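Hi,

Here is the structure I promised to pass on.

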Amino acid sequence: MPRFASFREFYPYYLSEHRHRTSRRLHFIGSCGALAFVALAIVQRDAWWLLAALLCGYAFAWVGHFFFEKNRPATFRHPFYSFAGDWVMFKDILTGRIRF
């Protein structure tokens with residue numbers, strides 16, 4: 001996996017690792033679930049739901065990588081850029097820039 005000097009350099013690589021439509025859908029569903037758990041943590045004032053948010057988001061994403069993309073998630077080598085990439089891709093799907 002190449003090194004990246006900035007997120008701007010990383011994001012095209014990130015998208016290349018998410019070519020399979022089902023994988024992108026799983027990422028999107030996991031992100032929606034994560035947002036729901038964050039909301040639940042706020043409403044219930046219980047930080048344990050934040051752990052559920054992380055687990056939900058990553059579980060769906062990793063299923064997409066291991067079973068559909070057949071690649072290793074960038075989370076293992078670039079955790080912060082990968083986390084940011086998830087949310088930028090989520091926004092790009094919502095705005096129609098990336099096909100869902």
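Let me start with the largest pocket: its lining divides into 10 nonpolar, three polar and one charged residues. For those classes, Ala, Val, Leu, Ile, Met, Phe, Trp, Tyr, Cys and Pro count as nonpolar, Asp, Glu, Lys and Arg as charged, and the others, Gly among them, as polar.

Before the rest, please note that this is a predicted model, where local features need pLDDT of at least 70, side-chain atom pairs count only at pLDDT 80 or more, and totals for chains, interfaces and linings use all residues. Residues are numbered from 1 along each chain as its sequence is written, and side-chain values use heavy atoms, with hydrogens and water left out.

Back to the pocket (on a 1 Å grid over the protein atoms alone, an open set of points with protein on both sides within 12 Å along at least five of seven lines; a cavity is a set where a 1.4 Å probe fits but cannot get out; lining residues have an atom within 4 Å of a point). Its volume is about 240 Å³, taken as the space filled by probe spheres set on the points, which are joined across faces, edges and corners. Of the 14 lining residues, Ala34, Ala53, Leu54, Phe83 and Trp87 lie nearest the centre. H2, H3 and H4 each supply at least two lining residues, and H3 gives the most, with six. Helices here are DSSP runs (H or I, at least four residues), numbered from the N terminus.

Phe67 forms a nonpolar surface patch with Val63, Phe66, Phe68 and Phe76, with about 480 Å² of accessible area together.

And which residue sits 8.5 Å from Phe60, C-alpha to C-alpha? That is Ser23, 37 residues away in sequence. Ser23 lies in helix H2 (residues 21-44) and, at 0% relative accessibility, counts as buried.

Cheers

Methods
Patches are made of residues with over 30% relative accessible area and no salt bridge: like charges are joined within 9 Å, nonpolar side chains (Val, Leu, Ile, Met, Phe, Trp, Tyr) within 5 Å. Accessible areas come from the Shrake-Rupley method with a 1.4 Å probe; for residues, only the protein chains shown count as cover. A salt bridge is a side-chain nitrogen of Lys or Arg within 4 Å of a carboxyl oxygen of Asp or Glu. Buried means under 20% relative accessible area, exposed over 50%, partly exposed in between (1.4 Å probe, protein chains only).
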